Amino acid sequence: MSVLDALPGGITGIDTYMGGVSEITAGFLLGGERPALVETGPAKVADAVAREVTAAGLDPADLAWIVVTHIHLDHAGGVGDLVRRFPNATVVVHPAGARHLVDPERLLASSARVYGPLMDTVYGGLTPVEADRVRAADDGETLDLGGRRLELLYAPGHAKHHLAVFEPDLGVLFAGDGVGVLLPPNGVLRPATPPPDFDRDLAVASLHRFAERDPAHLVLTHFGPIGPADERLAEAEAKLLRWCETAERAAEEQGPELDHIEAALRERFEREEGHESGDPDRFELLNSYRSNAAGLLRWIQQRQTRAD
Ligand SMILES: [Zn+2]
């Protein structure tokens, strides 16, 4: 029994077992005459994800779309391997991310800085995708899956190149990392504020945009459907604001340094997140206090630079 079993009709959740760990990073297969895979997981598990897609009964020639909510490697790293397995699939991505899938050198260099040793053990790289297989999504564009539509919504904040995917008939919103991370069985929603381009105001505006769609099902890449959607979106906003506030206060009172911000976040949120009974290791792999602190620090510094 997986939380992914709760996904509504015709949507198959795929546990990518990123880093060999269950229930941290998902992909989603949406049926139709022209089926779509939303999120690939990292390159390291691309073979397993491809097997899951075909195990769902799909002929590899039939997959029409591979949509990634953004180009961070836990969401898009497998894209170059998967386009080889699924020869007719077009990759759909935010325009600010498109060129990085074709020429991933800079993305890989910055990922290596963020992920450190996990880059090799958990993520793997990103095999370049031929330019003619990549389609840059327009904001509000609809993808036709044949019997199903997907609306693509720009949703920056977590990253500049972030979009959400909305299935209007079932009311399913695939939020990528735009709402945060909630790993079963812990049940605690944590903001995802990594470097290099986390931006609070954009992130809040994206949450409002999600709420306007009034989704019946809110689905996180990390990990699966959570509800009730309206309450979770309000919770995500309130939490995000408190994380930002905590980081700003630490930077102001103790100086704008990573260690101070990380310590302040831990002090304020560790107990409330229930890590005594939860599992910090899985969060560490994916959405650590330190990487969130680094993103918040950079946001604070960039705002300062703009103000000067
Ligand atoms: Zn992610």
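Predicted model: local features only at pLDDT ≥ 70, side-chain atom pairs only at ≥ 80, totals over all residues.
Helices (H or I, at least four residues) and strands (E, at least two) are DSSP runs, numbered from the N terminus. Residues are numbered from 1 along each chain as its sequence is written, and side-chain values use heavy atoms, leaving out hydrogens and water.

**Phe166**
- Phe166 is buried, at 6% relative accessibility (buried means under 20% relative accessible area, exposed over 50%, partly exposed in between, with a 1.4 Å probe and protein chains only).
- Its contacts (heavy atoms within 4.5 Å) include Arg149, Leu150, Val172 and Pro215, not counting residues up to four places away in sequence.

**Asp197**
- Asp197 sits in the loop between strand S12 (189-190) and helix H7 (200-212).
- Asp197 is buried too, with a relative accessible area of 13%.
- A polar atom of the Asp197 side chain lies 3.2 Å from the backbone nitrogen of Lys160.
- Asp197 also touches Gly157, His158, Ala159 and His161, not counting residues up to four places away in sequence.

**Helices H9 and H11**
- H9 (residues 258-269) and H11 (residues 289-307) pack at about 120 degrees, with axes 9 Å apart.
- Among the residues that meet are Leu258, Ile261 and Phe269 in H9, and Tyr289, Ala293 and Ile300 in H11.

Conventions. Axes fitted to C-alpha atoms, helices over the stretch in contact; angles between N-to-C directions. Polar contact = N/O pair within 3.5 Å; in protein donor to acceptor, adjacent residues only side chain to side chain.
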